[in-house]
Amino acid sequence: MLSRISQEPHNAPWELFSTRMEQIQHGMKHYRAHSPEVKALLYDLYLRHHLESPNMSYTMDDYVRESRQRVISHLSQEEMEEILKRFAPEERLRGLQPEERLRGLNPEDIQKLKDVLNKLN
């Protein structure tokens, strides 16, 4: 239990998640982040713990999945296009219906595809 840990500077990150205000205050006073990423992670977890009260089955995998979804939802069009460039064309088209694959092609390109298909048959 977090209420049983000693108030030592090395326990500061854990104290942030206590239910006792004096422990939370001690944790806030003594916590020193080793990197901006760790600080952001702990701050986000702290806010979720104290403001949203997630259920106890919330796991690190849940946190990572939700964090990724938040990042994706805030990407600009340019950032999305950069991500898409990392995938092979086959991967980008996977799951699309034939009509969806053709959407955006001009009539000349569609005719070229028809010509290629006719030669194959």
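Lys85 is exposed, at 60% relative accessibility. Exposed means over 50% relative accessible area, buried under 20%, and partly exposed in between (1.4 Å probe, protein chains only). This is a predicted model, where local features need pLDDT of at least 70, side-chain atom pairs count only at pLDDT 80 or more, and totals for chains, interfaces and linings use all residues. Residues are numbered from 1 along each chain as its sequence is written, and side-chain values use heavy atoms, leaving out hydrogens and water.

The side chain of Lys85 meets that of Glu82 in a salt bridge, at 3.1 Å from N to O. The term requires a side-chain nitrogen of Lys or Arg within 4 Å of a carboxyl oxygen of Asp or Glu. Glu82 is partly exposed, with 46% relative accessible area. The structure holds 1 salt bridge.

Next comes a nonpolar patch. Ile83, Leu84 and Phe87 form this surface patch of about 260 Å². Patch residues have over 30% relative accessible area and no salt bridge; like charges are joined within 9 Å, nonpolar side chains (Val, Leu, Ile, Met, Phe, Trp, Tyr) within 5 Å. Leu84 is partly exposed, at 45%. Leu84 belongs to helix H5, residues 77–84.

Now the whole protein. It has 8 helices and 0 strands. These are DSSP runs numbered from the N terminus: helices are H or I with at least four residues, strands E with at least two. Of the 121 residues, 15% are buried. The accessible surface is about 10,400 Å² (Shrake-Rupley method, 1.4 Å probe; for residues, only the protein chains shown count as cover). Carbon and sulfur atoms hold 56% of that surface.
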